[in-house]
Each structure stands twice: as C-alpha cells, then as structure tokens.
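I opened this model to look up its sheet and the helices around it. My entries follow.

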Amino acid sequence: MLLSSGLRTRLSQYHWQTAQLKRGMQKGKRRSAAFGSSLDFSDFRAYQPGDDVRQIDWNVYARTNRHYIKRYLDEQELSLAVYLDCSLSMGLEKEKWQMAKSLAAAIGYTGLVNDDRVSVIPVSEKGLAFSRKKGVVFANQMLRQMESFEAGESGSFTEKLPRYRQEKTALSFIISDFLEPVEQAADRLKLLQTNQQLRVIHLLSEKEMNPELSGDVKLINVEQETDTVQVSVTRGVISSYKERLREHCRLIEKTCIDRGIGYVQVSTGQSIDEILFSRMRKKGWLA
C-alpha cells in the first residue's frame, strides 16, 4: 500500500505552498492577490459605470447614500506535477522504489484533496502518466495507476526528463537518486525550471549511503551492465566512496540552491512521516 488511511487523513489537513499560481479553467482553493467571485469577502470600492449592479451593497448605500460594490477574493487552482525517476538504479532495492512511489503518491494526494490539478509522470517509455486530474475523487485512480509503475528504464533519467515536461505547471517535484553526472543534471534541471517553481527530492538508500561490502567484489553499473570494475573493498575504499558520494550530493544541492530550486536529501532510513511532516514542513513546502 502506497498510502495508509492514517497518512491520507493527515495529508488532507495540509497543502503545498508555492509563490506561483497558473490560472486554470476552473476554480480551486488557492487565494490569489486578484479579485474574483468567491464567497470570501475582501473589501468595498466605489461603484463605477460598467460594474455589475448586483454587487452593490444596499445596506452601505442606506447608511452613506453612496453606491459601493463588494469585492471578493479570487480563487485559483494550482497545477502540480511530480516526475518520478524510473531508472534501473531506483528499483534495485524494493524498499527504495516503494519509498519513491509513496512520496510521489503523498505529493499527488495532497494536491488532489486541495483541488489542485495534479499530474504524476513516470519518466519511462512503459509507464502511463496520471495526467492533469483534479479533486479527491481521482485519488484511488491515481494510487492504482502508480502501483503499476516499474523501475526498469535504461539510460539517463535527466537526459529524458525534458521530453516529459508538462506545460502550464506552476509547481513541480522531481524524485530521483541523481546517480549521474552533476553537469548533465544541472543542464536538464535548468530546462525544466522555466516558468515554474521546482523542488528536488534526492532519495538514496541506506545501502548506497553506508555500503556493507568487504573483500574482493565485482561492481556492476546496473544501467550499463558492460561497465564493471573489480575491487578489493577495504575501510579506506569505503571511506573514499562515502566522501565522493557526499561531494556528489553537495554539488547537486549547490546546483539547486544557485538556481533557486528547492532541495531536500532523504533516505530509506527515514519514515515517510518524518520526510513529509518534519523535513518538508521545515522547508516551508508543506503547510
């Protein structure tokens, strides 16, 4: 199960914070700085020729002998997308892939219960995207569809990512292990970021962060099986690996910060509740 009933209940009390809204064809629950026709009163202004006479407040007229109309807060929908890395490295460990899908499901579900327009896109030639649905009535459909997502895609995730870009999206999340060259990832993130707010969830497994290997082993690049290396694993080798991984993660984070992209690094050693309600709330993403 991607989301427990208790987690769904808790998520329904929150919403995604964003500085950008894209006006859609339907209303949502987001308050904008513009004025519209919601039921939430904003203020009065003097009547001007051409205004809708039905908006005149006759109680105010009775007190002031002047015509004033009521103004109401506009309500706009948020268009939200989640891009899920479906490369082989994401699915090598069942726990890691389950965590990735559960995070994507939690993001999508929170959007749906807030009447946001939600897309969940597996970056894969096989997966079927959950595209631009709105309303909690689509939550079960989204979860069923996501259960079928598989991580078996060969090749570079970030290289393919721009081809899956959703137009007219205000807020996008990327869930990936980013186990590929930093320069390439930076270029693709720049392309995806245009005209929207972007947030990166950098997911690694505990075994990737703290490998338990020793002796003579053959290491295989799961996404390019011809890329192998024979190595004698010692404490020094493990220490060097961890340092290089920390530097790789630091550069990914720096790339995001320099471009104004939200970034959080998480691991399978954390609970989904901790990631959502502690890490993301502290970032100001979830409120």
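**Sheet and helices**

I traced an open sheet of six strands in the order S5-S4-S3-S6-S7-S10, with mixed pairing. Strands here are DSSP E runs of at least two residues, helices are H or I runs of at least four, and both are numbered from the N terminus. Pairing takes at least two DSSP bridges between two strands.

I looked at the edges next. S5 (130–134) and S10 (262–267) each have a single partner strand, so one side of each lacks a neighbour in the sheet. Neighbouring strands are turned by 15° against each other on average, direction ignored.

The model is predicted: local features need pLDDT of at least 70, side-chain atom pairs count only at 80 or more, and totals for chains, interfaces and linings use all residues. Numbering starts from 1 along each chain as its sequence is written, and side-chain values use heavy atoms, without hydrogens and water.

I checked S3 (79–85) against S4 (117–123): they run parallel, joined by seven bridges. Ser79 has Arg117 as its bridge partner in S4.

Helix H4 (94–113) packs on the sheet, touching S3, S4, S5, S6, S7 and S10 (contact: heavy atoms within 4.5 Å). Its direction makes about 175° with that of S3 (axes are fitted to C-alpha atoms, for helices over the stretch in contact; angles run from 0 to 180 degrees between N-to-C directions). H5 (139–147) also packs on the sheet, touching S4 and S5.

Last, I looked up H9 (235–258). Its buried residues include Ile238, Leu245 and His248 (buried: under 20% relative accessible area, 1.4 Å probe, protein chains only). Just after H9, Gly260 takes a positive phi of about 75°.

Conventions. Buried means under 20% relative accessible area, exposed over 50%, partly exposed in between (1.4 Å probe, protein chains only).
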